[in-house]
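I opened this model to look up helix packing, the nonpolar cores and a few loop residues. My entries follow in the order I made them.

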Amino acid sequence: MIDLNDIMIFARVTEAGSFTAAARLLGMPKTTVSRRIAALERELGVRLLQRTTRSLNLTASGRLYYEESSHALRTIEGANLRLAEARAEPAGTIRISAPVGFGGHFLQDAIFEFLSTYPKTSVELRLTDDRLNLVESGIDLAFRTGVLEDSTLIARKLGSTHRLLCASPDYLARCGAPDVPEDLARHDCVIAGQSAQAQWLLEGPHGQETIAVSGRFAANEMQAVMAAAIAGHGIAQLPHGVADACIKDGRLRRVLDGYTTPAGGLHVVYPSSRHLPPLVKAFIELAVRRLNAITGNSDDYVIVSR
């Protein structure tokens, strides 16, 4: 007789992409996961997964079995979650990922309110500008900005975000401030990316303009970009929340006041497509309320990238 738990383990291995990642998520030894998958294959009489030393892939039979069985598993999980929601307040640990600049401002206030509102909860916050695989990394939800690509994740739009142009008082005293976007070509610019040269798309009184910029420092992590701008190494594009805080405390000044980057979407994404645990649902709703109170933006659902 086929054990329903073995089917669930097979689904987790498929979604996580490896026995090691699935074992970590399930809280059981990797050898146990492998043994249970082998038992399921024996019961079914077919090979579900093709294993090599470097990769793990579904067979044709495995793909068909996952597609059919995952629907039933989601129905069962949904029923269990609805019962839990009916009898329990949010409790446990929620693991959140967010870009460095975003996590250090709006998000920390939301987390502190969440911890105060739900005393049985704890939060683990991972700040990174890399887009993590949520299932493999054990992340319950992530905040992401910009254009989102297609995948199996679900996203809830919280609002829009843009970047401001800023420089330190020291840099402006030495080099002056640009009067028009074209002046950026003669300034040192701190680049958010892999190269010290970039094309900046700006939006202002005359619509959108693309300006070629360069500088002596580039980084693919926003905290480093902000630090370089504060240290006087050039003009940087910084997320509105980060820039506003640095401008208020005098570490930076805004330049080209009439210009920003085009607004991009701000989303919270999560891997479960149907019934969220009360813990995750409560945090998303709190974040939605806080941000909508600030921006007045409505939210909607889209399919997005990992």
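Helices here are DSSP runs of at least four residues, numbered from the N terminus. I note at the start that this is a predicted model.

**Entry 1: overall counts.** I counted 10 helices and 14 strands in the chain. The chain has 306 residues, and 41% of them are buried. I then took the contacts with a separation of 6 or more and found that 73% of them join residues 24 or more positions apart.

**Entry 2: H1 and H2.** I looked up how helix H1, residues 4–16, sits against helix H2, residues 19–26. Their axes are 8 Å apart and the packing angle is about 120°. Angles of 65 to 115 degrees count as roughly perpendicular and those over 145 as roughly antiparallel, so H1 and H2 are oblique to each other. The crossing of H1 past H2 is right-handed.

I listed the residues that meet. H1 brings Met8, Ile9, Arg12, Val13 and Ala16, and H2 brings Phe19, Ala21, Ala22, Leu25 and Leu26. Sorted by class, this contact has nine nonpolar residues, one charged and no polar.

**Entry 3: the rest of H2.** Which residues of H2 are buried? I found Phe19, Ala21, Ala22 and Ala23. These buried residues pack against H1, and also against helix H3 (30–44), strand E1 (49–51), strand E2 (56–58) and helix H6 (134–137). Just past the end of H2, I noted that Gly27 has a positive phi of about 70°.

**Entry 4: Tyr65.** I placed Tyr65 in helix H4, residues 60–87. Beyond its neighbours within four places in sequence, Tyr65 is in contact with Ile2, Ile7, Phe10, Leu40, Leu44 and Leu48. I also checked Tyr65 against Ala11: the C-alpha atoms are 9.4 Å apart, and the two residues are 54 apart in sequence.

**Entry 5: the cores.** I looked up the largest nonpolar core, which has 22 residues. Its members that touch the most others are Ile94, Leu141, Phe143 and Phe283. Two or more residues each come from strand E3 (92–98), helix H5 (100–117), strand E5 (141–145), strand E6 (153–161), strand E13 (264–270) and helix H10 (278–295). H10 gives the largest share, eight residues.

I followed Ile94 further. Apart from neighbours within four places in sequence, Ile94 is in contact with Phe114, Ser122, Val123, Glu124, Asp140, Leu141, Leu279, Val280 and Phe283. I then found a second, separate core of 19 residues, with Phe10, Val13, Ala22 and Leu48 among them.

**Entry 6: Leu256.** Where is Leu256 found? I located Leu256 in the loop between strand E12 (253–254) and E13. Its phi is positive, about 50°, although Leu256 is not a glycine. Is Leu256 buried or exposed? Its relative accessibility is 7%, so Leu256 counts as buried, the cut-off being under 20%.

**Entry 7: Asn220.** I found Asn220 in the loop between strand E10 (207–219) and helix H8 (222–230). Asn220 has a relative accessible area of 47% and is therefore partly exposed. With neighbours within four places left aside, Asn220 is in contact with Asp129, Gly193 and Gln194. I recorded 6.0 Å between the C-alpha atoms of Asn220 and Gln194, which are 26 residues apart in sequence.

Definitions and conventions
Residues are numbered from 1 along each chain as its sequence is written. This is a predicted model: local features need pLDDT of at least 70, side-chain atom pairs count only at pLDDT 80 or more; totals for chains, interfaces and linings use all residues. Side-chain values use heavy atoms; hydrogens and water are left out. Axes are lines fitted to C-alpha atoms, for helices over the stretch in contact, and angles run from 0 to 180 degrees between N-to-C directions. Angles under 35 degrees count as roughly parallel, over 145 as roughly antiparallel, 65 to 115 as roughly perpendicular and the rest as oblique. A crossing is left-handed if the near helix is turned anticlockwise from the far one by less than a right angle, and right-handed if clockwise. Contact means heavy atoms within 4.5 Å. Ala, Val, Leu, Ile, Met, Phe, Trp, Tyr, Cys and Pro count as nonpolar, Asp, Glu, Lys and Arg as charged, and the others, Gly among them, as polar. A nonpolar core is a set of buried Ala, Val, Leu, Ile, Met, Phe, Trp, Tyr and Cys residues joined through side-chain atoms within 4.5 Å. Buried means under 20% relative accessible area, exposed over 50%, partly exposed in between (1.4 Å probe, protein chains only).
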